[in-house]
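Good morning, and thank you for making time for this presentation. Please keep the sequence and the structure in view while I speak.

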Amino acid sequence: MSDALRRPDASPQPHSHTEPHPHTEPHTHHRPHVLAVGAPGPGREQLTRTLRLTGHEVTHAVPGDVRRQVRQAPPDAIVALDDGPDGRRQGRDVIREVRADPAGQALPLLMVTAARGPSTVAELLRHGADDCVPEAPDPDELSARIAAKLHRVPVPVEQLLLDPRTGLYSAPHFMAELDRELQRPAAARRGGVLAVVRVAETEALETRLGPRVRREVAERLAQVGERLGNVCDRLGWDEEGRLLVLMPGVDEETATASLREFASSVAGTRFVVADENVRLTPAVGWLPLSDCTGEGASARAAERARDAAEEALRHRDLRPVRYEPWMRTAAAHGHRRARPGLRGLLSAVTPLLSPVLMVALGVGVPFLLYQQAYAMGWDAASFAYWVVVAGLVTSALLIVLECLFSLDAEQRPAAPGQPYPVASAVIAAYLPNEAATIVDTVESFLRLDYPNELEIVLAYNTPHPLPVEETLREIAGRDPRLVLLPVAGSTSKAQNLNAAVTRVRGEFVGIFDADHHPAPDAFRHAWDWLSNGYDVVQGHCVIRNGESSWVARLVGIEFEAIYAVSHPGRTRLYGFGVFGGSNGFWRTDLLARTRMHGSMLTEDIDSTMRALGEGARIAMDRTLVSRELAPTMLKPLWNQRSRWAQGWLQVSLEHLWRGLRSPVFTRRQKTGLFVLLGWREIQPWLTLQILPILLHAAWRAGGADRLDWAVPVCLVAAAVTMSAGLVQAAFAWRLAVPELRARRSWFWHYLLVTTFFYTHFKNMVARAAHLKEALGDRQWRVTPRATAVAATAVVAAEPAGTGGGS
């Protein structure tokens, strides 16, 4: 950060104001009124005698009653004892009480302390005292110090170039700097950005600790900016505690990168604010200076940047938000903008367009290309045939490799590397969708076995009050481990988690959806990994309502193939784990600086990819079990898998190229990234290519009945491809949890349905998700919850755009 921030060329302006201080003139006509604060006793009696001896009028107040006394009979000054009758130091409490009231913020406050050494004096001054004197002070010295405070000529902060309390530009001078920058000719200005930073926790901290936290929070933010040494050339703050950032002469990409680094650094740092150790969530709004022209441009620019910061505050995901015109309307009406009409129209027509586009793009266009190439003398279809066969065989062999490597998955450490710390569980819930299951979920968490304190944070959103909230409040009243955290305005699971991560007290956090029931030893086993060098550990999600329907039974075995086979196998094969969503456990500091992005439909995969990019280690543990509910019908399953598929595509677009270029990943890991994020997106379309190839071959042969279907290579490829499913089902049975392994018929059912239906179902879902992403339809459709005992009691899905469900 430039030295201009801390030591600008301009010096403080001379103090030219002529308004007399309210205490200056009256003191020539009456005895100064001093409020002596302290518990009744010899110390306060001696202080009273000293003050009266020097001509002061004295009244008394005990700690805790100061604000009432100040309001009833405002004194000219306050003199307070630092020590209580029991020897407990009470000076900071008195200072906080005085300064928390507007009537006491400007009063001279002197502390009388018996403590030895400069550290105590420095501490009291830092907390808001104006002066300190030793116990039993000399009467003349005490009187002179009071008079000096009463007769000083105060300089309002807004008339100083720099706020002496924070070292930042005061708001008026920052706006003057901004105005000067905007008045420069556009040709000489060359870019530039204005940003406003809000902190999500400011209001809660102020409620507990008083208004001075706004100043302290601004100081802490400025310290981070100075430590980073980024391109921020001017920093200021306003009385609302917002940090004002002027970045002249930089392009938008550089500015957003710097602001992103700043936000991540703030979120990853523990700060001491008003004597409390806290985490802060910066919400950064910005706009380019080129968008600010005309009369009143500086005020308009600041207002727009504040609107963008408000939008960033809703998400709490650390990403800087650029101002858009709709944010002004949303701020004026106190709510978020409605979905644009075009977006709603796309959402309505996408289900109708997808099948048509899928056939046109996946079958029609290739068929026409093969026809055209053949007419030009090139048999492109034959070449494509071998590509498709090679792709199908490759996919099958990768599945078999994952199965083999899953047998050699890394075992959980035998013992924790450190003592068990305080831990936290965060349950993200959208209550209208979870009302039938949330109480059962909360009670299952309160039965967990953990050798240290375990807090259960239910971070939830709901558009309207629900009866279940009263039940939850009753449970929280009985058991203080349950913390209820309503997240107003939330529209996603990510926002609920981001709101919770700075509130939790645990050294590590377990993340869960609202239908999860972790095994009693889940948190103990998670710490076995985290205390031995890992940053995230993903457990084994097991379906607990497989009896509900054939769909739930299918998903139950599929989860065994995913969590017991594929995830551990891939981790061992490629040298890194991924996921970290439900039944995922994070070190709290890592999650605090990583957060989850609500714009990503699989926000947990996106977060783990970003964590991996920073060098985090992620473990997969199939013995770390949590049981959840599966969809019980095909339509909810389609919606769920469609969101997953589209989310994976978003992650691939965001992280694949970046990961392949990153020096953090080894060649082996980059191979895994390509398979995980690249090949999985190609395969659904590749498998579809067999149709236009066969159509072209039938056209050339004069009919499908004239084709030779007994080609050895074709038969071998088909056998290899189909055998992969059999191998995966066998390994899933071998590594499944005991209660599912006993259901051998379920695995045969899974193999049969997967071979002839489910694989094609998932490929169709993936292709449809690609088209949805291309059309801009990114709405979240909630997965309905069904109770484990009554599959028919399915909670109806809420309108798209709500969050919290899996």
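This is a predicted model: local features need pLDDT of at least 70, side-chain atom pairs count only at pLDDT 80 or more; totals for chains, interfaces and linings use all residues.

Which residues are linked with Asp131 in a network of salt bridges? The network joins Asp131, Glu141, Arg145 and Lys149. A salt bridge here is a side-chain nitrogen of Lys or Arg within 4 Å of a carboxyl oxygen of Asp or Glu.

Residues are numbered from 1 along each chain as its sequence is written, and side-chain values use heavy atoms, with hydrogens and water left out.

Let me turn to the overall picture. The protein chain holds 29 helices and 21 strands; these are DSSP runs numbered from the N terminus, helices being H or I of at least four residues and strands E of at least two. Of its 806 residues, 54% count as buried. Buried means under 20% relative accessible area, exposed means over 50%, and partly exposed lies in between, with a 1.4 Å probe and protein chains only. Taking contacts between residues at least 6 apart in sequence, 77% join residues at least 24 apart, a contact being heavy atoms within 4.5 Å.

Next, the open sheet. Eight strands form it in the order S16-S15-S14-S17-S20-S19-S21-S18, with mixed pairing; two strands pair if DSSP finds at least two bridges between them. Strand S16 (482–486) and strand S18 (517–518) stand at the edges with a single partner strand each, so one side of each has no neighbour in the sheet. Helix H18 (residues 467–478) packs on the sheet and touches strand S15 (454–461) and S16, its direction making about 145 degrees with that of S16. Such angles run from 0 to 180 degrees between N-to-C directions, the axes being lines fitted to C-alpha atoms, for helices over the stretch in contact. Strands S19 (residues 536–543) and S20 (residues 584–587) run antiparallel and are joined by three bridges; Gln538 stands opposite Gly584 in S20.

Leaving aside residues up to four places away in sequence, Ala425 touches several residues, among them Phe445, Leu454, Val457 and Phe512. The C-alpha atoms of Ala425 and Phe512 are separated by 7.5 Å, although the two are 87 residues apart along the chain.

I return to the salt bridges, which number 44 by the rule I gave. Glu276 pairs with Arg208, the closest N and O atoms being 2.5 Å apart. Because Glu276 lies in strand S11 (residues 276–279) and Arg208 in helix H9 (residues 202–209), this pair ties together parts that are 68 residues apart in sequence. Arg743 forms a salt bridge with Glu547, with 2.4 Å between the closest N and O atoms. That pair links distant parts of the chain, 196 residues apart: Arg743 is in the loop between helix H28 (738–741) and H29, and Glu547 in the loop between S19 and H21. Arg743 is partly exposed at 33% relative accessibility, whereas Glu547 is exposed at 52%. A further salt bridge joins the side chains of Arg481 and Asp479 (2.7 Å, N to O); Arg481 is partly exposed at 32%, and Asp479 is buried at 16%.

Thank you for your attention.
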